[in-house]
Amino acid sequence: MLNEFLYAKIHRATVTEANLEYIGSITIDKTLLRAVNIKQNQKVEILDINNGERFSTYVIEGEENSGIICLNGAAARKVQVKDKIIIVAYALLNEAEQEQFKPKIAHVDDNNKLINKP
């Protein structure tokens, strides 16, 4: 049997941009993506700490060490620049994988720089 588990999380990232004119998605600093092993085009959930919004989108890789967290397209309507968000990804794991799996969790500062090494 497969169950869905937390795979990766970027905790308390700060929204740096909201671009309504882009086709859609979230642009995330490549450094953060690598830290938690989230891939370009992967589905993620966005949890806005400021307004309680929760929604899904997919990832676009942003410039390395830029600190960019940009919600694009329709998702730009769900956030405000400077909002704090949590970015989460989930994985389906079989029973054997569930026993050993540990999610990668990155904590970031107000400039979206890593505080810890996941």
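Strand E1 pairs with strand E8 (residues 104-107) in the parallel sense, over four bridges. Two strands count as paired if DSSP finds at least two bridges between them, and helices (H or I, at least four residues) and strands (E, at least two) are DSSP runs numbered from the N terminus. The model is predicted: local features need pLDDT of at least 70, side-chain atom pairs count only at pLDDT 80 or more, and totals for chains, interfaces and linings use all residues. Residues are numbered from 1 along each chain as its sequence is written, and side-chain values use heavy atoms, with hydrogens and water left out.

**Strand pairing**

- Leu-6 has Tyr-90 as its bridge partner in E7.

**Salt bridges**

- Side chains of opposite charge can pair when their charged atoms come close.
- The count comes to four salt bridges, a salt bridge being a side-chain nitrogen of Lys or Arg within 4 Å of a carboxyl oxygen of Asp or Glu.
- One of them joins the side chains of Lys-30 and Glu-61, at 3.9 Å from N to O. Because Lys-30 lies in helix H1 and Glu-61 in strand E5, this pair ties together parts that are 31 residues apart in sequence.
- Lys-30 is partly exposed at 28% relative accessibility, and Glu-61 is partly exposed at 38%. On this scale, buried means under 20% relative accessible area, exposed means over 50%, and partly exposed lies in between (1.4 Å probe, protein chains only).
- Glu-64 and Arg-34 also meet through their side chains in a salt bridge, at 2.1 Å from N to O. This pair links distant parts of the chain, with Glu-64 in the loop between E5 and strand E6 (69-72) and Arg-34 in helix H1, 30 residues apart.
- Glu-64 counts as partly exposed at 38% relative accessibility, as does Arg-34 at 49%.
- Lys-78 forms a salt bridge with Glu-53, in which the closest N and O atoms are 3.5 Å apart. Here too the pair links distant parts of the chain: Lys-78 is in the loop between E6 and E7, Glu-53 is in the loop between E4 and E5, and 25 residues separate them.
- Lys-78 is partly exposed at 32% relative accessibility, and Glu-53 is partly exposed with a relative accessible area of 29%.

**Buried residues and their contacts**

- Gln-42 sits in the loop between helix H1 (30-36) and strand E4 (43-48). With 19% relative accessibility, Gln-42 counts as buried.
- The side chain of Gln-42 reaches the backbone nitrogen of Lys-39 at 2.9 Å.
- Contact means heavy atoms within 4.5 Å. Residues up to four places away in sequence aside, Gln-42 touches Tyr-7, Asn-37, Thr-57, Tyr-58, Val-59 and Ala-89.
- Ala-35, in helix H1, is buried at 12% relative accessibility. Apart from neighbours within four places in sequence, Ala-35 is in contact with Lys-104, Leu-114 and Pro-118.
- Ala-35 and Leu-47 are twelve residues apart in sequence, and their C-alpha atoms are 19 Å apart in space.
- Ile-60 belongs to strand E5 and counts as buried at 17% relative accessibility.
- Setting aside neighbours within four places in sequence, the contacts of Ile-60 are Tyr-22, Gly-24, Ser-25, Ile-26, Thr-27, Ile-28, Leu-33 and Gln-40.
- Ile-60 and Lys-39 are 21 residues apart in sequence and 8.4 Å apart in space, C-alpha to C-alpha.

**Nonpolar surface patch**

- Tyr-22, Ile-23 and Tyr-58 make a nonpolar surface patch of about 350 Å².
- Patches are made of residues with over 30% relative accessible area and no salt bridge; like charges are joined within 9 Å, and nonpolar side chains (Val, Leu, Ile, Met, Phe, Trp, Tyr) within 5 Å. Accessible areas come from the Shrake-Rupley method with a 1.4 Å probe, and for residues only the protein chains shown count as cover.
- Tyr-58 is partly exposed, with a relative accessible area of 33%.

Notes: A polar contact is a pair of N or O atoms within 3.5 Å; within protein, one must be able to donate a hydrogen and the other to accept it, and residues adjacent in sequence count only if both atoms are side-chain atoms.
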